[in-house]
Amino acid sequence: MIENTSICKNILELVGNSPLIQLNKITQHIPGSFYAKYEAYNPGHSMKDRIALHIIEEAEKQGILKPGNTIIETTSGNTGFSLALVSIIKGYKCILAVNSKASAGKINMLKAMGAKVYVCPAHAKADDPRSYYSVAKRLHEETANSVYINQYFNQLNIEAHYNTTGPEIWKQTNGKVTHIVAASGTGGTISGVSKYIKEQNPNVKILGVDAFGSILKKFHETGEFDKNEIYPYRIEGLGKNLIPTATDFNVIDVFEKVTDEAAAHKARELAITEGLFTGYTSGAVVQAALQYGEKGIFNENSNVVLILPDHGSRYMEKIYSDDWMKEQGFFDSQTKENEVVEYIK
Ligand code: PMP
């Protein structure tokens, strides 16, 4: 058992330093060693604790933020929870504009942490006044002494992962990491981790994960903003319908797209094979790693780190609900049903 011997002054001291856990079953049929960077271990149950703490502490250092002030953000849930958590300890008000794709459970969690939540239509385009971007901007303009975190366009998002997640992975693997598989939403995680790791060893390959319905992969490959790539999809927190400046496309080697269905099944499989109860994008990351493996990207000497962004408890009404899975048609194919039986055995 790993020892935990000191007293924390408050919960924020537990942000970061998430464990790296060897995967023993789910990646068995592809060559290489695979390790999960288990971000659910953060006190707010996701890697967004890292950016919430860093961005708020930088604003404090610059004298922009004073106790009693208001923090405003757009969020698919996780960043909101983390901002609410940091706000509680540091004495700020927290207002969140949330995409309606976020689960009811996630929204209730934000409220439980004292945040004021505005739910905005998921399919409104970024420049639509109803979009969560526009709503957050308006609330910021209307609220005196407020700070807009703006995670999609804030370089401190990248910096948080450059300062913490990247060095942790380097240290935990004794510099032996060869590939990193990471989801890209704002792009902060993949960009910050990649920047740090490539400074240590430029040969490490950074493998991005995107969704069908998102613009990122095509934009990375062609530099073209192709609107035809954009359509609704179900995975929350990964992929984008705009190009965030918190994504440094130059430090990402390649993107792979995953389907809503495969990612959902993979998250469920991860829970019952490895005991890792994670969110929808973690399933997407594992699914992408397997697709990369099937394309022959890894060999026996590969040390692959999969960044698993958050905890499964936020998805009880979605991927961990059999009814939801059925409604999506995710249990329709014979193969999938067989797979479920297969991994219970
Ligand atoms: N997974 C989940 C569950 C998320 O909430 C996010 C953040 N949108 C991501 C992955 C993507 O991380 P990042 O924003 O750092 O690219």
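**Rings, core and surface**

Let me start with a charge and a ring: the charged end of arginine 314 sits over the ring of phenylalanine 81, 4.5 Å from its centre. The criterion is NZ of Lys or CZ of Arg within 6 Å of the ring centre and within 35 degrees of the ring normal. Lysine 195 has its charged end over the ring of tyrosine 162, 4.5 Å from the centre.

Some housekeeping. This is a predicted model, in which local features need pLDDT of at least 70 and side-chain atom pairs count only at pLDDT 80 or more, while totals for chains, interfaces and linings use all residues. Residues are numbered from 1 along each chain as its sequence is written, and side-chain values use heavy atoms, leaving out hydrogens and water.

Next, the aromatic pairs. The structure holds 10 of them, where rings of Phe, Tyr and Trp (its six-membered ring) pair if their centres lie within 6.5 Å; planes under 30 degrees apart are stacked, over 60 edge-to-face, the rest tilted. Tyrosine 133 and tyrosine 152 form an edge-to-face pair, 5.8 Å centre to centre with 80° between the planes. This pair links distant parts of the chain, 19 residues apart: tyrosine 133 is in helix 4 (residues 132-142), and tyrosine 152 is in the loop between strand 6 (146-148) and helix 5 (155-163). Helices (H or I, at least four residues) and strands (E, at least two) are DSSP runs, numbered from the N terminus.

Are these two tyrosines buried or exposed? Tyrosine 133 has a relative accessible area of 12%, so it counts as buried, and tyrosine 152 is buried at 7%. Buried means under 20% relative accessible area, exposed over 50%, and partly exposed in between, with a 1.4 Å probe and protein chains only.

Another edge-to-face pair is tryptophan 324 with phenylalanine 330, at 5.8 Å centre to centre and 85° between the planes. Both tryptophan 324 and phenylalanine 330 are buried.

Now the core. Which residues touch the most other members of the largest nonpolar core? Of its 40 residues, they are Val181, Ile235, Tyr280 and Leu306. Elements giving two or more residues to this core include strand 7 (179-183) and strand 10 (303-308), and helix 10 gives the most, with 8 residues. A nonpolar core here is a set of buried Ala, Val, Leu, Ile, Met, Phe, Trp, Tyr and Cys residues joined through side-chain atoms within 4.5 Å.

Last, isoleucine 88. It lies in helix 2 (residues 78-90) and is partly exposed, with a relative accessible area of 46%.
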